[in-house]
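Welcome, and please have your viewer ready.

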Amino acid sequence: MSDSKIKAPRGTFDVLGDQAASRTALEVRARSILEGAGYERIETPAFEATELFARGVGESTDIVKKEMFTFEDGAGRSMTLRPEGTAPVCRAYVEHGMHKRRQPVKLWYLSSFFRHERAQAGRYREFWQVGAEALGSEDPAVDAESITLLATLLAETGVTDVRLRLSSLGSVESRSEYRERLQAHLRAHEDSLSEDVRSRIELNPLRAFDSDHPGTRTVMASAPRLLEHLSTEDAAHFEQVRALLDAAKVTYEIDSTLVRGLDYYTRTVFEFTSASLGAQSGVGGGGRYDGLVERLGGPATPGMGWAAGIERILLAGDRSQATPAAPPPVELFVAIDDQGHDVRAAGFGLVSEARTAGLTAQMDLGGRSLKGQLGHANALGARFVAIVGVEQTTLRDMQTGDQQPVATDAVVHAVLRGQHDL
Ligand code: ATP
Ligand code: MG
């Protein structure tokens, strides 16, 4: 009896073929946009102390309450597979003393994240995000630049039917007064609210704006709006973010019901959706998180950033634009016309020497006949083929068909010169 096949876990997927190629193309594009704007690459570990997310994302959020993959390491410490990238980047900022560098420090990542969600199209348990975080400046230009860069990425990847919704949550101080007003409104209509929203009136009343429960929606339609209760400074900050987005010709809608699923946001929040995605319409979003670094034990540091889902960009994007560059052409294919150990070793050595010299080189690894090897070289579109034999080595120019004997240790030189002559 044979053993049953093992499949990838539910909500996860393998990346291969065209998928791998479009991801590479997307990564190249993201890198050029972000590094061109002064963002540096950062990668953090795939798992962190659970405490980082409990404190950084917030105990009352869906992510922390029900979506984390948490496990114990060998020593009984609680670890969690990262569900998002902002808290880890802030941890790294503090850990590496990045506040001593010129501010803002701008960092970007492209990594996989883990959330225990109901798997469906566009929603996975391991998924990828490209993200950008700018730490150390509260200048509204940071907000506007950050949003503009994501708008550019989505435009360049051909994501269609894009909507950008924008709002401000104010600073923590201005929000606390508003929170009480909202809580009073919710309590006054408690009977019409969903169980979930009712249970979060104390902890996270703002999330009520996210509910799709009919009763809750009616209550929220008449709820006071945070945007109308911003402090003078917060309102001025938001005004400038808007003016700068206008200057950059980024189209947006103000949506005073926009709240984000994470506790740490302050001031600017935004979300990009694409109608072409159907139910899971969120492509990316983010905002300002001026208290987060301090909450993680660092110095008071403002921050602003976003994350966008790679799978959703690829789903909503223009496939033709995602077509990656073809793999580099094979400059030298080494064929052997004898399967003896010495000839194989000479051929293998030649491939290695060619690669060291900067050429792209390949040889057949399947023990095929000479005819089969030459067919392989043709299929690869190899520019030169060296045929290594017991007696001699021959170099063939595949473009002209010219062929001449050459010492094995002179092949690389001849190929380099031959290319130069073209
Ligand atoms: P949603 O409302 O779809 O649950 P979210 O608010 O939880 O999204 P964020 O935490 O803001 O999402 O993450 C940013 C982006 O990451 C989303 O806009 C989406 O493109 C992508 N994303 C989030 N969760 C998943 C998932 N489980 N599978 C695939 N992509 C995801
Ligand atoms: Mg979610």
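Is Arg200 buried or exposed? Keep in mind as you look that this is a predicted model. Select Arg200: with a relative accessible area of 7%, it is buried, because the cut-off for that word is under 20%.

Arg200 lies in the loop that runs between helix H7 (195-199) and helix H8 (214-221).

For the second stop, move to a sheet. Colour its five strands in the order S13-S12-S14-S15-S16, and you have an open sheet with mixed pairing. At its edges are strand S13 (361-363) and strand S16 (403-406), each of which pairs on one side only. Direction ignored, neighbouring strands here are turned by 25° against each other on average.

Pick out strand S12 (residues 332-336) next. S12 pairs with S13 in the parallel sense, over three bridges. Select Val334 and look across to S13, where Met363 stands opposite.

Finally, bring in two helices. Helix H12 (residues 341-356) packs on the sheet and touches S12, S13 and strand S14 (384-388); the direction of H12 makes about 160° with that of S13. Helix H13 (residues 370-380) also packs on the sheet, with S12, S13, S14 and strand S15 (393-397) in contact. Compare the direction of H13 with that of S12, and you will find about 170°.

Terms used: Residues are numbered from 1 along each chain as its sequence is written. Chains are lettered from A and ligands numbered from 1 in the order in which they are written. This is a predicted model: local features need pLDDT of at least 70, side-chain atom pairs count only at pLDDT 80 or more; totals for chains, interfaces and linings use all residues. Side-chain values use heavy atoms; hydrogens and water are left out. Helices (H or I, at least four residues) and strands (E, at least two) are DSSP runs, numbered from the N terminus. Buried means under 20% relative accessible area, exposed over 50%, partly exposed in between (1.4 Å probe, protein chains only). Two strands pair if DSSP finds at least two bridges between them. Axes are lines fitted to C-alpha atoms, for helices over the stretch in contact, and angles run from 0 to 180 degrees between N-to-C directions. Contact means heavy atoms within 4.5 Å.
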